[in-house]
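Keep the sequence and the 3D view open side by side.

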Amino acid sequence: MNTANSINRINRLPVTRYHKTMIALIAVAYFFEFADINTFAATAPEIRRVWGMSVPDIGYITSIAFVGMFLGSLVGGWLADRWGRKSALLSTTVWFSVFSLLTAAAWDFTSMAVLRFLTSAGLSAMTVIAVIYVNEVFPARLRGRYLAYAMVIGICGTPVTTFVASLVIPWSDSSWRLVYLWGALGAVLVLGFKVLVESPTWLESKGRVAQADSVLRRMEERVSASGAILDDAAPPEEEIRRSANTPLKTLLHKRYLAPLLVLSVLWITQTVGFFGYSSWAPTLLADQGFLVEKSIFYVALTTVGAPLGSLLAAFITDTFERKWLLVVFGVVIGVCGLLYGLTFNPVMIVVFGFLVNMFERGYTSFAYAYSPELFDTRTRSLGTGITYGIGRLSNAVGPLVIAAIYGSSGYSSVFVFIACTWFFGAVVLALFGRRTRVRSTEPVEPIAKEPKL
């Protein structure tokens, strides 16, 4: 059997300093991704004031950014499958950093919209590729935990960026541009990317068995050098049989179509539910009479809950079934978000906003681990990219819907709508979501023959 046995060899590795170095680098990439994705939300109230933009104008720019995320997700999945996980991760990180830097020079509505489109495309592509990469180079029994640890560090980019914005924006009418310079610092990561290896699972899926074996041997040597004792890997179950079918055509088979639809609902409700909240909270608070500086500061306080949510996820994601964790967290987020929208007390705004951020980041950590687990190596890049991208595309409409609801029904109605999206996603997952938790009696990634379409 011509195989490097990548999956079983990776799954029997203990997590050592070598793995932790890789996840630390992914965590820093996530930090600047979350930093950059929140720059427009943090600066929108000031840009609106300085440029004389309307609430619908903010909605249009936000919508265009999410169209960029949709296209970026698709391209990112394609790049990861064509170029390899490592090369695609490096390229997309540089892409979003460069265009964030250029956004600091935006001069009007059109330039801002174009630059946010291009930046967001890179952000989304990088996120999809990073999730796939961790899924394929970390042992299955611990990948959820370490992905959540990366999110703990990464999500700190949200409160740090918001605090940076609240500090520098009052300096002058142009100081909001400094926030985009901050978001561009992710480019420094190119200095550390040599630490990463190419995914052996991807190499093997492309028939490059010798290269996959070489990478696996390097990984095993580095793990052994730390003093860890390696158990024998389980024998390969069956060599992957390749077919002429494209990954896209394969995804239309009933084996993949059901998770494709469920994950699309998951990411649509997560995107509209969270970004509808985080992107609009500073602007809507300012429009309710709160000073711009105070609205940004209140939202900054609520985002402190975000890394705590990822930390909570790290402790439980590999202990309980991820499907049910997503359901429970989705319901809690909906309730807390609804209560946030029903109060104008600054303390309660911070408390409920804190809880929304905490549970949502836990939810996202679960979702990042859950999504690629529903696909095999051949379909993982495209399946993850499509579903994540559809979720991001939904928010091209979401901001316009929220602006319309706000204009016709008022502030509280926006948060009723957002809560309902979370409840809907929880119901769909509860009824149709598949379980993915690895048990000792179950194969980690069952390898089946390609379905004939």
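A salt bridge here is a side-chain nitrogen of Lys or Arg within 4 Å of a carboxyl oxygen of Asp or Glu. Arginine 143 and glutamate 373 meet that criterion, with their closest N and O atoms 3.4 Å apart. Arginine 143 sits in helix 7 (residues 140-155) and glutamate 373 in helix 18 (residues 346-373), so this pair ties together parts that are 230 residues apart in sequence. Arginine 143 is buried, and glutamate 373 is buried too. Bear in mind that this is a predicted model.

Now step back to the whole chain. How many helices and strands does the chain have? There are 20 helices and zero strands. Of the 453 residues, 59% are buried. Take the contacts with a separation of 6 or more: 87% of them come from residues 24 or more positions apart. The accessible surface of the chain is about 17,100 Å². Carbon and sulfur atoms own 67% of that surface.

Is helix 6 largely enclosed or largely open? Helix 6 is largely enclosed by the rest of the structure, because 24 of its 29 residues are buried.

Side chains of opposite charge can pair when their charged atoms come close. The structure holds 14 salt bridges. In one of them, aspartate 36 pairs with arginine 116, and the closest N and O atoms are 3.3 Å apart. This pair links distant parts of the chain: aspartate 36 belongs to helix 2 (residues 17-37) and arginine 116 to helix 6, 80 residues apart. Are these two partners buried or exposed? Aspartate 36 has a relative accessible area of 0%, so it is buried. Arginine 116 has 3% relative accessibility, so it counts as buried too.

Helix 6 takes part in another bridge. Glutamate 136 forms a salt bridge with arginine 85, with the closest N and O atoms 2.7 Å apart. Glutamate 136 lies in helix 6 and arginine 85 in helix 5, so the pair ties together parts that are 51 residues apart in sequence. Both glutamate 136 and arginine 85 are buried.

Compare the pair that opened this tour. Arginine 143 and glutamate 373 have their closest N and O atoms 3.4 Å apart. Elsewhere, salt bridges that share partners join Arg9, Arg12, Asp213, Arg217 and Glu220 into one network.

Which residues does isoleucine 23 touch, not counting residues up to four places away in sequence? They are Val134, Phe138, Tyr146 and Ala150. The C-alpha atoms of isoleucine 23 and alanine 130 are separated by 9.9 Å, although the two are 107 residues apart along the chain.

Phenylalanine 32 is also found in helix 2. At 10% relative accessibility, phenylalanine 32 counts as buried. Leaving aside its neighbours within four places in sequence, phenylalanine 32 is in contact with Phe96, Trp182, Gly183, Leu185 and Gly186.

Finish on the outside. Leu90, Val94, Val98, Leu102, Val188, Val190 and Leu191 form a nonpolar patch on the surface. Together they have about 560 Å² of accessible area. One of them, leucine 102, lies in helix 5 (residues 85-103). Leucine 102 has 42% relative accessibility, so it counts as partly exposed. An α-helix has 3.6 residues a turn, so residues three or four places apart point the same way.

What about the cysteines? Cysteine 156 has a relative accessible area of 26%, so it is partly exposed. Cysteine 420 is partly exposed as well, with a relative accessible area of 45%. A search of the whole structure finds zero disulfides.

Technical notes:
Residues numbered from 1 in each chain as written. Predicted model: local features only at pLDDT ≥ 70, side-chain atom pairs only at ≥ 80, totals over all residues. Heavy atoms only, no water. Patch = residues over 30% accessible without salt bridge, like charges linked within 9 Å, V, L, I, M, F, W, Y side chains within 5 Å. Areas by Shrake-Rupley, 256 points an atom, 1.4 Å probe, with all protein chains shown as cover. Helix = DSSP H or I, 4+ residues; strand = E, 2+ residues; numbered from the N terminus. Buried < 20%, exposed > 50% of the residue type's maximum accessible area, 1.4 Å probe, protein only. Contact = heavy atoms within 4.5 Å. Disulfide = S-S within 2.5 Å.
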